[in-house]
Amino acid sequence: MTTDEDADDELLGRVFLCRVVEPGDEVGGRWVREFGVGEVVRRLKEGVRALPGVSDVRWAGLAARARRAEPERDLAVARAAGARFVGPDDAEWPRQLDDLGDARPIGLWVRGRPSLRMWALRSVAVVGARACTEYGTHMAATLAAGLAERGWVVVSGGAYGVDGAAHRGALAARGATAAVLACGVDRPYPRGHAALIGRIAEQGLVVGELPPGDHPTPSRFILRNRVIAALTRGTVVVEAAARSGSLATARAAARLGRFTMGVPGPATSALSAGVHELLRGEATLVTDAAEVVELVGDMGELAPARRGPVLPRDLLEPAARAVLAALPGNRAAPVGEIALGAPTTRDEAIARLYELRALGYVERHGDGWKLTRQAVMSVRTGRGPC
């Protein structure tokens with residue numbers, strides 16, 4: 001048998017298994033690892049001798065699925081939808097998915113022109129609540145746009161709420177984004193995001209484990225999240241209630257040794273309770289794309305230091321600042337009082353007062369000195385007196 005024939009058999013075998021075995025099934029993954037794709041396919045088609053680790057009832061259910069599997073048809077439907085099948089032996093396969101062990105996908109269906117492997121090398125997941133607030137929408141879109149502008153691929157699940165906002169933010173920045181679906185890549189879900197997922201397929205990537213035409217279920221959403229976590233260098237959670245499915249993505253990322261991050265929300269918001277619980281654990285608090293990249297990026301990609309604005313009086317020498325601080329705000333004061341408040345000598349106080357006068361901070365009133373109106377206003381507004 002030629003190498004090409006072996007590759008074709010492997011491809012058809014994996015497409016067959018995608019139709020029979022549920023995503024994330026570690027028993028099925030162990031069969032493939034221990035017996036090989038060909039033997040697992042043969043035993044399932046025969047349906048007589050059960051493979052180890054399953055009950056008779058479950059084996060009967062898998063054998064019934066096997067009788068209905070048509071891998072050639074699945075490939076034809078996928079090609080018609082502009083999708084391709086990528087297996088672990090393909091050059092496009094992202095090697096970080098192997099960290100999932102026996103829960104690794106049997107294969108992935110991919111729509112879009114870019115290489116999944118190359119895009120996954122520099123990618124970040126942005127996930128969160130479906131029923132998010134305006135704050136959650138804003139933060140997800142802003143984070144995604146910032147990451148895209150820095151050359152990172154934004155990965156999410158294509159759902160309503162935070163997922164959709166993250167995809168739109170990346171697209172608005174003319175950046176790269178990938179949607180990992182819990183259904184067939186030819187049947188976008190939710191239906192209200194059909195146009196968005198179509199746009200992602202044109203400009204980026206749409207990825208899924210399930211064969212063409214398959215529909216999502218609650219368990220498939222949860223299992224899909226492990227793929228999002230494994231594909232990316234880190235996961236950012238934006239708004240998540242205590243029982244949010246997006247928390248499963250963050251926990252999967254933590255188990256895989258990826259970075260887990262959370263965007264804080266109001267302390268009283270139930271929609272941020274899950275994020276806050278993550279932040280009480282091992283997750284890192286982030287507020288913008290620069291802080292995300294500081295964690296997941298290369299050495300030296302540091303976020304700018306966070307500090308308040310530099311005010312003109314901050315640039316004064318310490319001795320001049322001390323004299324300025326010694327002046328009362330509502331009246332003129334004699335030099336002796338100012339020197340005592342500084343504390344410094346009268347001669348030093350006089351020298352500093354004339355410096356401050358030149359800068360517009362103080363003015364002389366007879367034998368006393370007083371803050372100028374501009375200087376008083378600068379204390380209130382943070383602006384300089386000149």
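## Aromatic pairs

A search of the whole structure, which is a predicted model, finds 4 aromatic pairs, where rings of Phe, Tyr and Trp (its six-membered ring) pair if their centres lie within 6.5 Å, and planes under 30 degrees apart count as stacked, over 60 as edge-to-face and the rest as tilted. One of them joins W31 and W59, whose ring centres are 5.9 Å apart and whose planes stand at 80°, so this pair is edge-to-face. Because W31 belongs to helix 2 (residues 26-35) and W59 to helix 4 (residues 56-68), the pair ties together parts that are 28 residues apart in sequence; helices (H or I, at least four residues) and strands (E, at least two) are DSSP runs, numbered from the N terminus. Both W31 and W59 are buried, a term that means under 20% relative accessible area, with exposed meaning over 50% and partly exposed in between (1.4 Å probe, protein chains only).

Y354 and W369 form an aromatic pair that is also edge-to-face, at 5.0 Å centre to centre and with 80° between the planes. This pair links distant parts of the chain, since Y354 lies in helix 16 (residues 346-358) and W369 in strand 12 (residues 368-371), 15 residues apart. Y354 is partly exposed, with a relative accessible area of 38%, whereas W369 is buried, with a value of 2%.

## Basis of the description

Residues are numbered from 1 along each chain as its sequence is written, and side-chain values use heavy atoms, with hydrogens and water left out. In this predicted model, local features need pLDDT of at least 70 and side-chain atom pairs count only at pLDDT 80 or more, while totals for chains, interfaces and linings use all residues.

Helix 13 (residues 289-296) contains E291 and is mostly covered, with 6 of its 8 residues buried, namely A289, A290, E291, V292, V293 and V296. The cover over these buried residues includes strand 3 (123-128), helix 7 (134-149), strand 7 (234-238), strand 8 (259-263) and strand 9 (284-285).

E291 counts as buried at 16% relative accessibility, and its side chain reaches the backbone nitrogen of T287 at 2.6 Å. At the start of the helix, a side-chain oxygen of D288 comes to within 3.3 Å of the backbone nitrogen of A290.

## Helix 11

In helix 11 (residues 246-255), the residues S246, L247, T249, A250, A252 and A253 are buried, and what covers them includes strand 3, helix 10 (218-231), strand 7, strand 8 and helix 12 (273-280). The helix is followed by G257, whose phi is positive, near 80°.

## Backbone features in loops

Most residues other than glycine have a negative phi, and most peptide bonds are trans. The peptide bond from Y189 to P190 is cis, with omega near 0°, and P190 is placed in the loop between strand 5 (177-181) and helix 9 (194-203). Another cis peptide bond joins A342 and P343, with omega about -15°, and P343 is found in the loop between helix 15 (335-341) and helix 16.

R174, a residue other than glycine, has a positive phi near 60°; this residue is in the loop between helix 8 (162-172) and strand 5 and is exposed, with a relative accessible area of 80%. E239 has a positive phi of about 55° although it is not a glycine; E239 is in the loop between strand 7 and helix 11 and is buried, with a relative accessible area of 2%.

Notes:
Polar contact = N/O pair within 3.5 Å; in protein donor to acceptor, adjacent residues only side chain to side chain. Contact = heavy atoms within 4.5 Å.
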